[in-house]
Structures are given as structure tokens and as C-alpha cells.
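Hi,

Here is the structure I said I would pass on.

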Amino acid sequence: MPAPDSQLEPPAQSFEAAALEHLTAAAVQAVAAAATAADLKAARAAHLGERSPLGLAGRAIGGLDPAERKTAGLRLGAARGLVADALAAREAELSAAELAARLAAERVDVSLPADLGPVGAPHPITALMEDLGDVFAAMGWEIAEGPEVEAEWMNFDALNIGPHHPARAASDTLFVAPAESRLVLRTHTSPVQVRSLLSRPLPVYIVCPGKVYRADEFDATHVPAFHQIEGLAVDEGLALGHLKGTLDHLAAVMFDGVRTRIRPSYFPFTEPSAEIDLECFVCHGASADDPSRPCRTCSSEGWIEWGGCGVVNPRVLAACGIDPERYSGFAFGMGVERTLMFRNGAADMRDMVEGDIRFSRALAGVAR
Ligand code: DAH
């Protein structure tokens with residue numbers, strides 16, 4: 001008889017109960033000894049795989065006498081069942097242990113102080129525009145807006161600045177190509193006066209904080225894009241005194257009781273027109289009276305120019321279809337950057353456009 005080929009013809013197996021018990025015990029022991037998933041995989045292959053004694057026994061059953069086959073099959077099935085149960089139980093143990101180890105390794109201490117990333121700060125100009133708006137909102141005024149790319153007619157003509165008016169050239173306008181578009185980058189927030197009068201029912205009480213553009217140099221006191229806040233009130237019976245009272249209130253809130261004055265000036269869209277000045281926040285006017293104490297901030301004037309204002313020119317009301325016989329109003333406009341300089345002592349306008357977070361942080365606490 002030729003030697004059995006282990007691949008094709010498994011060696012004769014013993015299906016004696018004792019022999020199977022022995023195989024089963026060896027398998028269960030190996031399974032219990034498996035310390036890792038890889039050990040367990042190896043134990044499965046060695047004790048329940050096709051080439052394992054129990055696996056080979058399965059193949060040998062076919063060669064038994066039918067009379068022996070049933071008993072052998074039952075015993076072998078029971079033995080394999082025991083080994084399979086042991087494998088499943090050990091697998092569950094190992095995966096539970098692995099999960100516990102992972103949870104322990106990945107444990108998060110929620111009581112540790114949070115490692116926060118750097119946080120930004122509102123830009124001081126944005127914060128100040130909101131504060132300025134709030135002063136007026138508290139008096140029942142509305143916040144108005146207008147486009148930064150503006151019709152020439154709104155920016156100039158409707159404000160009584162005619163085609164050859166010197167104010168048109170003086171404001172260093174940036175025109176939007178093509179020339180036929182008749183569009184400009186608005187040189188001031190005053191066109192929002194016109195837009196508001198054309199779109200809102202009377203009476204009108206609005207402020208408009210916003211960005212404006214001029215073909216200016218970029219230096220410590222000029223930037224080509226800056227901000228203004230415009231104010232406009234049109235109602236029955238408004239006069240210059242209402243303007244002065246309103247601006248005094250604004251100055252009192254913004255500058256803690258600093259004195260203001262208005263002095264005659266000229267703007268095409270107001271008549272009479274005035275300039276509003278603030279008492280110098282450095283010398284408080286002392287330099288004007290005492291030549292031995294010159295002040296660089298106000299050039300020893302004692303006062304610093306804050307903005308323009310006046311009684312709305314009846315021509316502007318008429319251009320917006322409003323009867324100047326019945327309605328009157330006042331308007332004002334001031335630079336937000338200037339206001340920040342006076343209020344927070346920011347000396348160089350370039351700091352306001354460079355976006356350095358340290359500048360914003362330093363002023364955020366003061367401006368808010
Ligand atoms: N628009 C003017 C400027 O940019 C400022 C101004 C002056 C606004 C008088 C006004 C005003 O509303 O009444 O220089």
C-alpha cells in the first residue's frame with residue numbers, strides 16, 4: 001500500500017473518544033494561551049484549520065464504514081464545537097481587553113485648561129462706527145447705507161456741487177471707467193443724504209457710517225480709503241440750534257465732556273455751513289493763551305477740526321422733491337479715523353489699515 005498523500009488522502013484518524021478529547025484539550029489550551037489577535041489566528045489555523053488534526057479528521061470521515069461514520073461524525077462535531085466556542089470566547093475577551101487598552105490610552109482629561117487658538121478682535125474703526133451709530137440709535141435715529149461705487153449725480157450734482165464747482169476737483173475724486181458710466185468711488189458719505197431723502201418718508205433722521213475714497217497719498221495723516229459718519233435730520237422747524245445740541249451730545253458721549261465750538265465755513269450742500277471743532281485733548285486750549293506752552297497737536301490753536309456741518313441747503317431739498325418752504329434740516333459729517341485719533345490717541349493712520357492684531361487688541365478695550 002502506497003504511503004498516504006497528506007494533501008489528497010488524509011492519514012487514517014482515530015475517532016476514539018479519548019483521542020478526540022485529547023485533541024480538544026490541546027486546542028482549548030492553545031486558545032486560552034493566545035495573548036493577541038495574531039496568536040488567536042494562529043491557534044485557529046493550528047487546531048481548527050483544514051490541515052489541523054481536527055480538520056484532517058473531518059476529511060477522513062468520508063472514508064469510514066457507514067456503520068462507524070455516524071458516531072465518528074457526532075464525536076468530531078462535538079469536539080470541533082468545543083474548540084469553536086473556546087475561540088469565540090477568547091476572541092471576545094481579547095477584543096474587550098484591546099478596547100479597554102485603547103480607551104485608557106486615548107483618555108481625555110476634560111478638566112485640563114483649554115488650549116485656545118489666537119482670537120481676533122473687532123477692528124477699532126468698525127467698533128467705533130458701531131459706537132457712533134449706537135449714540136444716534138439711542139435717540140431714535142435710523143442707520144442708513146449707500147453704495148461705495150456711486151453715481152456722480154448723487155455724489156456731486158444733487159448736493160449742489162455743479163459740473164465746474166471747485167469742490168469737485170478739490171476732493172480728488174477717483175472716477176470709475178468708462179467715463180460714460182458717470183460713476184465715482186464716493187468721496188464722502190453725503191450722497192446718502194440724497195438717497196435717504198429720495199427713498200424715505202419724512203421726517204428723516206439718519207446716520208450713515210461708511211467707507212469713502214479719495215486719490216490721496218498714503219501717509220501718517222492720509223489714507224486713500226477712509227471712513228466718515230454722515231448725519232441728516234429733515235423735519236418741520238429744524239434749525240441750527242438743533243444741530244449744535246445734537247453734536248454737543250455726540251461729543252459729550254464720545255469725548256467725556258470735552259468742549260465743542262462751531263465756526264462758519266462753506267459747503268455747497270449746507271447754508272449756512274460750519275465746521276465743528278473739539279477742544280484740544282492735549283493742551284485743553286492752554287497753548288492758545290500761553291505762547292510759552294506750544295502744542296503740536298492743535299498747532300497752538302486750542303481747537304481741533306472734527307467735521308463739517310450746517311443747515312441743509314434748500315437746493316438739496318428741492319433736488320429731492322421736498323418743499324423747502326415747509327421742511328428744513330441739518331446735516332453733519334466727520335472722519336471716523338480722526339475721531340479714533342482724538343478719542344484713543346492713535347497717532348498714525350497707517351496703523352489703522354495695516355491690520356495688525358496687536359493694534360486692534362490694544363484699542364478694542366478702549367473703543368468699546
Ligand atoms: N461731506 C463733507 C466732506 O467730506 C463733510 C460734510 C460737511 C458733511 C458738511 C455734511 C455737512 O453733512 O453738512 O468733507
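**What I found**

On confidence, the average pLDDT for the protein is 89, and 95% of the residues score at least 70. Among the elements, strand β1 (residues 142-143) has the highest mean pLDDT, at 98, while helix α7 (residues 166-170) has the lowest, at 68. Over residues 1-12 the pLDDT is below 50, and beyond near neighbours in sequence that stretch has 9 contacts in the model. Where pLDDT is low, the predicted coordinates should not be read in detail.

**Helix packing**

Now for the helix pairs, going along the chain. Two packed helices are described by the angle between their axes and the distance between the axes, so I give both for each pair.

Start with helix α1 (residues 17-33) and α2: their axes come within 9 Å and cross at roughly 170°. With angles over 145 degrees counting as roughly antiparallel, α1 and α2 are therefore roughly antiparallel to each other. On the α1 side the contact is made by Ala26, Ala27, Ala30 and Val31, and on the α2 side by Leu40, Ala43 and His47. By class, that gives 6 nonpolar residues, 1 polar and no charged.

Helix α2 (residues 37-48) also packs against α4, at an angle of about 175° and with the axes 11 Å apart. This pair, α2 and α4, is therefore roughly antiparallel as well. Here Ala37, Leu40, Arg44 and Leu48 of α2 meet Arg80, Val83, Ala84, Leu87, Arg90, Glu91 and Leu94 of α4. The contact of α2 with α4 has 7 nonpolar and 4 charged residues, and no polar ones. Leu40 turns up in the α1 contact and again in the α4 contact.

Next, which way does α3 run relative to α4? The axes of helix α3 (residues 53-61) and helix α4 (residues 66-105) come within 10 Å and cross at roughly 160°, and the two are therefore roughly antiparallel to each other. The crossing of α3 past α4 is left-handed. From α3 the contact takes in Leu54, Gly55, Ala57, Gly58 and Ile61, and from α4 it takes in Arg69, Ala72, Gly73, Leu76, Ala79, Arg80 and Val83. Sorted by class, the contact of α3 with α4 has 7 nonpolar, 3 polar and 2 charged residues. Arg80 and Val83 of α4 are listed here and also in the contact with α2.

**Backbone details**

A few spots to look at if you are setting up the backbone:

- Alanine 177 and proline 178 are joined by a cis peptide bond, with omega about -5°. Proline 178 sits in the loop between β3 (174-176) and β4 (183-185).
- Glutamate 271 and proline 272 are also joined by a cis peptide bond, with omega about 0°. Proline 272 is in strand β8 (residues 270-279).
- Asparagine 160 is not a glycine, yet its phi is positive, near 70°. Its place is in the loop between α6 (152-155) and α7.
- Serine 299, another non-glycine, has a positive phi of about 50°. Serine 299 is in the loop between α10 (286-289) and β9 (303-312).

Cheers

Methods:
Residues are numbered from 1 along each chain as its sequence is written. This is a predicted model: local features need pLDDT of at least 70, side-chain atom pairs count only at pLDDT 80 or more; totals for chains, interfaces and linings use all residues. Side-chain values use heavy atoms; hydrogens and water are left out. Axes are lines fitted to C-alpha atoms, for helices over the stretch in contact, and angles run from 0 to 180 degrees between N-to-C directions. Helices (H or I, at least four residues) and strands (E, at least two) are DSSP runs, numbered from the N terminus. Angles under 35 degrees count as roughly parallel, over 145 as roughly antiparallel, 65 to 115 as roughly perpendicular and the rest as oblique. A crossing is left-handed if the near helix is turned anticlockwise from the far one by less than a right angle, and right-handed if clockwise. Contact means heavy atoms within 4.5 Å. Ala, Val, Leu, Ile, Met, Phe, Trp, Tyr, Cys and Pro count as nonpolar, Asp, Glu, Lys and Arg as charged, and the others, Gly among them, as polar. pLDDT is the predictor's confidence in each residue, from 0 to 100.
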